[in-house]
Amino acid sequence: MKFSFKNRSPEEEQVIPSSPEGLSAFGGVFTPSILTILGVIMYLRFGWVVGNVGLLGTLLIVTLSVAITFLTALSIAAIATDQRVRIGGAYYMISRSLGIESGGAIGIPLYIAQALSVALYTVGFAESVVGVFPGADFKVVGIVTTIIVAILALISAKAAIRAQYFIMFGIALSLLSLIFGSPIEQSSIEMWGAASEHSAGFWTVFAVFFPAVTGIMAGVNMSGDLKDPGTAIPKGTFWAIGVGYVIYMGLPILLATRADAITLIEDPLIMRKLSYWGDAILIGVWGATLSSAMGSILGAPRVLQALARDGVLPRWLRWLGKGEGEEDTPRIGTMVTLGVALIAVWMGDLNIIAPILTMFFLTTYGVLNVTAGIENMLGSPSFRPKFKVHWILSLLGAIGCIAVMFLINTLATIIAAVFVLVIFIWLERRELESAWGDVRRGIWMALTRAGLMRLGSSVEEKTWRPHPLVLSGAPTKRWHLIDLASSLTHNRGILTIATVMTSDNVTTDRKQVLEQNIRDFLAKRSIQGLVRVTTGEDPFQGAKDMVQAYGLGALVPNTIILGDSENEGMRDKYCNMINSFHAQKRNIVIVHDNEEIGFGERKRIDVWWGGLRGNGGLMMILAYLLQSSRKWWDAKVNIKMVVEGEKGAEDAQRNLTRIMNKIRIDANAEVLLSNGKSFDDILHESSEGADLILMGLAEPNEMENDFKQYYENLHDRLSGLPTTVMVLAAEEISFGEVLLQQDEFQED
């Protein structure tokens, strides 16, 4: 099914505009981001990190991790200051740049990851509560906490942000308590951690720590609730990264000077013992888990809302795009997210899926970097960010994300990649169309330009293949021409379907409509080709003008495929057109169609041959390409030659067999004795049962201005034969040399 959104107005396409009363950079971006960064890993794993790799190792890990996050933030800033970021955050950015399929392939996993993250954080909160109050029921605490967090999100995003201010105060209090604490034992700074037999490796520790700095999406996902997303997202994100970096660079010094490596490794709540007021650390742990859950419950429904509004989700889920109130709160989406989270909480342990969730977030970061890098590299006039970032930095961030994914968990990385690929293929098959443009066309244009600039003007035998231009007229009436051309190109050569219109009042709009109709006609038959509709005073002059002008640089059609001329009154113009094509060094393939049998069973091809030079070499190539195409697969090719005497027949047979072996074509060499018969009689008798016949055509300039008479005689000779293709080689190339390099034409 094909979904189109091209009839939307710009306002509808941009979803819902940001409210003038929306959130600020501090409340909407910095707060959720910093609270996600200063999370559970800081409280429960940072001591383990310092104990394993020591002070210097920890500072190096923090710096590398923040560097990757910072590069991603640069890419986010570039995109956010170029386009009006609406509901959906990262999904919105990616879909408006790389296309709706790429955006959806990232957006759906991103929503799932955020929805399950709600449960992940509330389960972590429940575990810490049960650790302090053993009598509490783990599942009850988790379910009640999840519901309370969802209620706050349902009330309004502003209310949830205000609640996060209290959580941020609790985290700040816990950090102050740690700063004014004291050592629990005599300790000196351990630069590289515990002995190797008691510690984990550097990259293992790096993999454990890195998720601590991946919270920048918490602010980006609030894009639809921001007063000024273009300003708030870069400012809030950079401040969150900066504050987080300062804290993460300072804490290792406190930990390394107050406890030895083994103690830091073995006690997850070591910060509680090192603090001035130990319970403040519990407040911080609880605040961290709740704030992360809050960020996820705010972000996930908004991604779901954007996916539904853009038609990425199936049509029957379109109701998930509804928003309520002045803030356009996705209450329905929040309830759905709550249901997903509650199921996950009830199932309990999420340690198995936690690495995959991290992979989805890192995949999002990586794609955001790729998006910004491509946009900057292409330098499209439409991409004019206020915050400019060199494309090398963006692609460096993408490489960092990929490397970290494999370091954290190779299997989880593969699972995440396969999941994203499956969604992308599913969306591709749905043939979604969007009202916005994306960079994909720009990428192909850049690659096309690079290829054209590197194509030489001379033709090389080794890489030669037919690039047909088919003068089809109405494709439905001359489908056999397109069918033959497609079998020759194997969807590798550049096929052009051309039509000449002779009406005086043909408008540009009408030509464009006809071109689109022909494209649709070809697409339904899985034919890959370009389409060109032009006008002319008559079909023949229009065709000559098109062949002369059509092409780009060195890339022009080298073979013209057209139908036979049945109208005797038009033979002069037709033969003059053939002469013009030949003068322009275009190979010519004329199809004399037997309307009753068409191409028959496509099992036998007869080639009437006169040697490798000129037409003979080109006919052999065409026969080979047909034989190796899907529709003519394994057809029998007969190379036929007529000689007069038996002695000549033996020599010809021997020579023909040797040539067939040398050029490596699976063909049957057949030498026929004339025995006084005319060539026409031999032709009709020998090729009566063929499905296709290939014959050479004389050069027009050899006919001494009598090419019309020659063509009419040839036309009469073909009467009653199966479909026959007349071939005239015109390119300045040795097709014999092409045959000697025939491996280039192996079919996939």
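Modeller: The discussion below goes from the overall chain to a single helix. This is a predicted model, in which local features need pLDDT of at least 70 and side-chain atom pairs count only at pLDDT 80 or more, while totals for chains, interfaces and linings use all residues. Residues are numbered from 1 along each chain as its sequence is written, and side-chain values use heavy atoms, with hydrogens and water left out.

Colleague: How many helices and strands does the protein chain have?

Modeller: Helices (H or I, at least four residues) and strands (E, at least two) are DSSP runs, numbered from the N terminus. The protein chain has 28 helices and 10 strands. Of its 748 residues, 55% count as buried, meaning under 20% relative accessible area, with exposed over 50% (1.4 Å probe, protein chains only) and partly exposed in between.

Colleague: Which residues of α21 are buried?

Modeller: An α-helix has 3.6 residues a turn, so residues three or four places apart point the same way. In α21 the buried residues are Glu515, Ile518, Phe521 and Leu522. They cover an arc of only 120° around the axis, and therefore lie on the same side of α21; the arc is taken from the directions from the helix axis to the C-beta atoms. Asp509, Ala523 and Lys524 are exposed on the face turned away from that buried side.
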